[in-house]
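Please open the model in a viewer and keep the selection panel at hand.

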Amino acid sequence: MTPTGLRAGVMGWPVEHSLSPRLHGWWLKRYSIEGSYVPLAVPPEGLGKALRDLPAQGFRGVNLTVPHKEAALVHIDHIDTVVKRIGAVNTVIVRADGTLEGRNTDTYGFAENLRTAGYKPDGRAAVIIGAGGAARAAVAALQDMGVKEIRIINRSAARAQKLAADFGNGIKIHGWGDAQALEGTGLLVNATSLGLKGQPMLDIALDALPKDTLVTDMVYAPLVTDLLLRAGARGNPVLDGLGMLLHQALPSFAAFFGHDPEVTEELRRFVLIKT
């Protein structure tokens, strides 16, 4: 494949909210790489065909966003150890032989975003709202960072129980309205799509949350979600999800275009224009 043929993109349903094309496009221009990164609106029933068509269409790979991160696993030929652990894939690489390799960079991006905000586990529990692919990436990242107790709040008890079984000791399940889940915590994470533009707000009370608990949202469109607004209004430190997006894109861009990019304030300001 010649340099002018380098193609990558992001698959989602919907995909209009994704900032990935703007982000990768900025890096392509910044590093003078002749290539393209495009949004690909793919409904769930069309995911398998869309992935299998990537080699013929000249794609080096794609990123996956909701609702494809778990569903894509059955269509991937090779998966790395992180994907096996999490059970979700957010980066698909087209190998030279046309087979598809699945990776997950969400764990790296989530951890790096927390680190840049100065978060360090202090012995207190972390709470994650959600039990899907994003939540599983957050659990893996927090376990690797040394968090001993992770509380999961999810409407589907069965899905939360599967997450707990997969990740072992230290995972505790709480009901949606269980105020005790927030008590004595050092971190609260929204790993659902609630709060995303066009989706319902996250209807969870914060009364029991300690005032020094860091609150972060994986949603980045809007940049300041209702959850972050409410948390900030009561004095909690807050962290938006844009940093996770920027950091998780680093290894994806390197795999697609053969160059290790950087996350800078200039990049963040550029991407922010569209949030």
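In what order do the six strands of the open sheet run? The order is S2-S1-S3-S5-S6-S4, with mixed pairing; strands are DSSP runs (E, at least two residues) and helices are DSSP runs (H or I, at least four), numbered from the N terminus. The model is predicted: local features need pLDDT of at least 70 and side-chain atom pairs count only at pLDDT 80 or more, whereas totals for chains, interfaces and linings use all residues. Residues are numbered from 1 along each chain as its sequence is written, and side-chain values use heavy atoms, without hydrogens and water.

Select S2 (35-41) and S4 (78-79), the edge strands, each of which pairs on one side only; pairing requires at least two DSSP bridges between two strands. Histidine 78 has glutamate 101 of S6 as its bridge partner.

Next, show H8, which lies across S1, S2, S3, S5 (91-94) and S6 and runs at about 165° to S3. H1 lies across S1 (6-12), S2 and S3 (59-64), at about 175° to S2. Angles run from 0 to 180 degrees between N-to-C directions, with axes fitted to C-alpha atoms, for helices over the stretch in contact.

Finally, select H1 (residues 20-30) with H8 (residues 242-257): their axes come within 11 Å and cross at roughly 55°. Residues in contact (heavy atoms within 4.5 Å) include Trp27 of H1 and Phe253 of H8.
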